[in-house]
Amino acid sequence: MADKKILVWDSSGTMTNSLPERFIICADAFLTVHPSTDLQITLGNQIVTASEYAAKIAQMKEQYARFERLNPFVQKGKDGYAIFEAMQRGIDGQIETESQFKAFKKGLDEGTQDAFYEAFQNIRRDMKKKDTEAWYGLQPAFPGVTEAVRQMHDAGLWDGQYVLTAKEAALVATLVDRYGIGDIIPNSMVRDTIDTKANTLRVIAQERGRTIGDVVFVEDSMPNLKPCYEAGAKSVLAGWGYTNQIQLGEAKQMGIPVAQNARQLVQILETIAK
């Protein structure tokens, strides 16, 4: 299979529409480190079930929209803290670029961010345990993506397909199974990000006796995709995910193909593979 490339899918924002899940967990985690926040987050400083969370989203439309606007700048799970901190300070509307978000993030207390992320992980695990079906319901697959995975598999064009996540591989693997593509992407091919996504792609390639230039990475986040592209991975931006118009334009300027939907993606991948 030395002539075939390796296809790697990002999880959140590319395969999975996980924004509702991220928002409500980030909100509750933020309350654990800032219980007296003035933000109108009505979740309460406690772990509740996913069903209860889902009902709360409708009560926080304004906060959700503000969170969604900054989400394209997120690279790591604990970046959700920076979004809520900016919202708490009332300056989130002033952050317009990735560099501005990074500069704001750099000035935040590391210990508080770490405490936030620990709470975030615990809440997510507890949510899945307490109300598994509702947890799955908060993060459906984007339209056509799982069909694209199967179409790529049936075409026999690839030396394996992987999913790369900054979440937790074990949790994401259950989603992959839930989407009905676990036979194509088994648990062993759902990978945690090691330190950077580019380095993780290198490891995947090395395991198959290849280089990062033999990897095709589908990702919705330009802050994550750009370093992979610069490291030599063939890259495709998932335009249906958590991106914005500036980032779409940046991808096009760099020569990174942009797929606006799963059908376009299949066409792009077929061209790359052949």
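To sort residues by class, Ala, Val, Leu, Ile, Met, Phe, Trp, Tyr, Cys and Pro count as nonpolar, Asp, Glu, Lys and Arg as charged, and the others, Gly among them, as polar. The model you are looking at is predicted, so local features need pLDDT of at least 70 and side-chain atom pairs count only at pLDDT 80 or more, while totals for chains, interfaces and linings use all residues. Residues are numbered from 1 along each chain as its sequence is written, and side-chain values use heavy atoms, with hydrogens and water left out.

Let us start with the largest pocket. On a 1 Å grid over the protein atoms alone, a pocket is an open set of points with protein on both sides within 12 Å along at least five of seven lines, a cavity is a set of points where a 1.4 Å probe fits but cannot get out, and lining residues have an atom within 4 Å of a point. Grid points are joined across faces, edges and corners, and a volume is the space filled by probe spheres set on the points. The largest pocket holds about 360 Å³ of space. It is lined by 19 residues, and Q75, K76, T193, D195 and T196 are the closest to its centre. By class, this lining has seven nonpolar, six polar and six charged residues. Helices α10 (197–207) and α11 (222–230) are the elements that give two or more residues to it, and α11 gives the most, with four. Helices here are DSSP runs of H or I with at least four residues, strands are runs of E with at least two, and both are numbered from the N terminus.

These two helices also meet each other. The axes of α10 and α11 come within 8 Å and cross at roughly 50°. Axes are lines fitted to C-alpha atoms, for helices over the stretch in contact, and angles run from 0 to 180 degrees between N-to-C directions. Angles under 35 degrees count as roughly parallel, over 145 as roughly antiparallel, 65 to 115 as roughly perpendicular and the rest as oblique. The two helices are therefore oblique to each other. Their contact (heavy atoms within 4.5 Å) is made by K197, A198 and L201 of α10 together with N224, P227 and C228 of α11.

Now turn to helix α1 (residues 19–33). It packs against helix α3 (residues 61–70) at an angle of about 110°, with the axes 11 Å apart, and that makes the pair roughly perpendicular. On the α1 side the contact uses L19, P20, R22, F23 and C26, and on the α3 side Q63, Y64, F67 and E68. Six of these residues are nonpolar, one is polar and two are charged.

The structure also holds 12 aromatic pairs. Rings of Phe, Tyr and Trp (its six-membered ring) pair if their centres lie within 6.5 Å; planes under 30 degrees apart count as stacked, over 60 as edge-to-face and the rest as tilted. The ring centres of F30 and Y81 are 5.6 Å apart and the planes stand at 40°, so this pair is tilted.

Finally, look inside. The largest cavity has a volume of about 300 Å³. Among its 21 lining residues, S12, R22, V74, Q75 and A166 lie nearest its centre. Helix α6 (residues 110–130) gives the most to this lining, with three residues.
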